[in-house]
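Thanks for coming, everyone. Let me put the sequence and the model on the screen, and then we can walk through the contacts.

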Amino acid sequence: MRSTKSLALVIALIAIACGSDIDLCGKVNSAINGFTTKATPCYPTNPPTFPFTAAQCTASLARCTDVDKRIIGSLADCLNALPTCTVPTTAVWAAQVQACVAPANALSAACKGP
């Protein structure tokens, strides 16, 4: 459960940081929706949810560098590549999530926002 809480924070930051690049925002939106679906079997009573709107995404990308945008895109790709969580594989799956999220620590302070 700890990993989904940390991921929720990172995804929220990325969703806010994901601004005017419609393709990147679409990629993040897809990753968020897919992640929620993939996580639900392991967390049926408390599945992860993320506040994400295209307007937030579009409004925020200007603060992000090209490097930040690549990190965000890679994170979305990694989340999209995750398998669906199963109860017997919860610990392994959580470790895979952490591996996806770890590079987001390198996002610039400006991109992470206030």
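A quick definition to begin: a disulfide here is a pair of cysteine sulfur atoms within 2.5 Å. Keep in mind that this is a predicted model, where local features need pLDDT of at least 70, side-chain atom pairs count only at pLDDT 80 or more, and totals for chains, interfaces and linings use all residues. Residues are numbered from 1 along each chain as its sequence is written, and side-chain values use heavy atoms, with hydrogens and water left out.

Disulfides, then. How many does a search of the whole structure find? Three.

Take Cys-42 and Cys-85. They form a disulfide with the sulfur atoms 1.9 Å apart. The link is left-handed, with -95° about the S-S bond. Cys-42 sits in the loop between H2 and helix H3 (54-60), and Cys-85 sits in the loop between H4 and H5, so the pair ties together parts that are 43 residues apart in sequence. A word on those labels: helices (H or I, at least four residues) and strands (E, at least two) are DSSP runs, numbered from the N terminus. Are these two cysteines buried or exposed? Cys-42 counts as buried, at 13% relative accessibility. Cys-85 is buried as well, at 1% relative accessible area. Buried means under 20% relative accessible area, exposed means over 50%, and partly exposed is in between (1.4 Å probe, protein chains only).

Next pair: Cys-64 and Cys-111. Their sulfur atoms are 2.1 Å apart, in a disulfide. The torsion about this S-S bond is about 80°, so the disulfide is right-handed. Cys-64 is in the loop between H3 and H4, while Cys-111 is in helix H6 (residues 109-112), so this pair ties together parts that are 47 residues apart in sequence. Both Cys-64 and Cys-111 are buried.

Now Cys-78 and Cys-100. A disulfide joins them, S to S 2.0 Å. The torsion is about -75°, so this disulfide is left-handed. Cys-78 lies in helix H4 and Cys-100 in helix H5, so parts 22 residues apart in sequence are tied together. Cys-78 is partly exposed, with a relative accessible area of 28%. Cys-100, at 4% relative accessibility, counts as buried.

On to the core. A nonpolar core is a set of buried Ala, Val, Leu, Ile, Met, Phe, Trp, Tyr and Cys residues joined through side-chain atoms within 4.5 Å. The largest one has 28 residues. Which residues have the most contacts inside it? Phe-35, Ile-72, Leu-79, Leu-82 and Trp-93. H2, helix H4 (66-81) and H5 each supply at least two residues of this core. H2 gives the most, with seven.

Two names from that list come back now. The structure holds one aromatic pair. Phe-35 and Trp-93 form it, stacked, at 5.3 Å centre to centre and 20° between the planes. Phe-35 lies in helix H2 (residues 22-39) and Trp-93 in helix H5 (residues 90-101), so the pair ties together parts that are 58 residues apart in sequence. Phe-35 and Trp-93 are buried. The rule is this: rings of Phe, Tyr and Trp (its six-membered ring) pair if their centres lie within 6.5 Å; planes under 30 degrees apart count as stacked, over 60 as edge-to-face and the rest as tilted.

Last topic: charges. A salt bridge is a side-chain nitrogen of Lys or Arg within 4 Å of a carboxyl oxygen of Asp or Glu. The whole-structure search finds two.

Lys-27 forms a salt bridge with Asp-77, the closest N and O atoms being 3.1 Å apart. This one links distant parts of the chain: Lys-27 is in helix H2 and Asp-77 in helix H4, 50 residues apart. Lys-27 counts as partly exposed at 30% relative accessibility. Asp-77 is partly exposed too, at 40% relative accessible area.

Asp-66 forms a salt bridge with Lys-69, and there the closest N and O atoms are 4.0 Å apart. Both lie in helix H4, three residues apart, about one turn of the helix. Asp-66 counts as exposed, at 54% relative accessibility. Lys-69 is partly exposed, at 26% relative accessible area.

One more residue in helix H4: Asp-68. Asp-68 is buried yet has no salt bridge. Which side chain of opposite charge is nearest? Lys-112, 8.3 Å away. For charge, Lys and Arg count as positive and Asp and Glu as negative; His and the chain ends are not counted.
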